[in-house]
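Trainee: I would like to go through this structure with you and ask what lies behind the words we use for it. Shall we start?

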Amino acid sequence: MPTFRQAVEAKDAAAIKAMLADNVVFTSPVAFKPYQGKAITAAILRGVLRVFEDFRYVREIQDGAHHVYEFEATVDGLQINGCDLLTFDADGKIADFKVMVRPLRAAEALAGRMGAQFEAIKADALG
């Protein structure tokens, strides 16, 4: 099985989903409340894979079960910089997944693009 970074860089949505714990909590940079569960988290991440252009990880920090992946990408022509903060459970699955992004204009573009497809994301999670 690939590492998380390898799966994301390969845009391997099935491998990413397999790494998620059933009760994973996903905290979005653009939503007020966290999302709970593997199905909705995997669907959101598939949506993100469609939105980000020129995505690349530029730094990785690990401390036991905690991993931070700094990334750069483009959204609607705007450069975005962010971090994926992951906590792995005792089974090696991602139990907590938090994303933070900057600058504000790029975060707003990301929110708009993700919001525009959120009904499709919810349907994807149910299917």
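Trainee: Why is E72 called partly exposed?

Mentor: Buried means under 20% relative accessible area, exposed over 50%, and partly exposed in between, with a 1.4 Å probe and protein chains only. E72 has 27% relative accessibility, so E72 counts as partly exposed. Do keep in mind that this is a predicted model: local features need pLDDT of at least 70, side-chain atom pairs count only at pLDDT 80 or more, and totals for chains, interfaces and linings use all residues. Residues are numbered from 1 along each chain as its sequence is written, and side-chain values use heavy atoms, with hydrogens and water left out.

Trainee: Which salt bridge does E70 form, and is E70 buried or exposed?

Mentor: E70 meets R59 at 3.0 Å, N to O. This pair links distant parts of the chain, with E70 in strand β4 and R59 in strand β3, 11 residues apart. E70 has a relative accessible area of 15%, so E70 is buried, whereas R59, at 48%, counts as partly exposed.

Trainee: How do you know that D22 and K38 form a salt bridge?

Mentor: Their closest N and O atoms are 3.9 Å apart, so the pair still meets the cut-off. D22 lies in strand β1 (residues 20-27) and K38 in helix α3, so parts 16 residues apart in sequence are tied together. D22 is exposed, because its relative accessible area is 63%. The structure holds eight salt bridges, and R5, E9 and E60 are linked in a network of them.

Trainee: Why is the pair of F55 and Y57 called edge-to-face?

Mentor: Rings of Phe, Tyr and Trp (its six-membered ring) pair if their centres lie within 6.5 Å; planes under 30 degrees apart count as stacked, over 60 as edge-to-face and the rest as tilted. The ring centres of F55 and Y57 are 4.9 Å apart and the planes stand at 85°, so the pair is edge-to-face. Y57 is buried at 6%, while F55 is partly exposed at 23%.

Trainee: How many aromatic pairs are there, and which residues form one aromatic cluster?

Mentor: A search of the whole structure finds 10 aromatic pairs. F4, F26, F52, F55, Y57, Y69, F71 and F97 form one cluster. F71, in strand β4 (residues 66-75), counts as buried because its relative accessibility is 1%.

Trainee: How far apart are F71 and N81?

Mentor: They are 10 residues apart in sequence and 5.8 Å apart in space, C-alpha to C-alpha.

Trainee: What makes the lining of the largest pocket nonpolar, polar or charged?

Mentor: Ala, Val, Leu, Ile, Met, Phe, Trp, Tyr, Cys and Pro count as nonpolar, Asp, Glu, Lys and Arg as charged, and the others, Gly among them, as polar. The lining residues divide into 22 nonpolar, two polar and one charged. A pocket here is an open set of points on a 1 Å grid over the protein atoms alone, where a 1.4 Å probe fits, with protein on both sides within 12 Å along at least five of seven lines; lining residues have an atom within 4 Å of a point. F26, I44, L45, V48 and M114 lie nearest the centre.

Definitions and conventions. Helices (H or I, at least four residues) and strands (E, at least two) are DSSP runs, numbered from the N terminus. A salt bridge is a side-chain nitrogen of Lys or Arg within 4 Å of a carboxyl oxygen of Asp or Glu.
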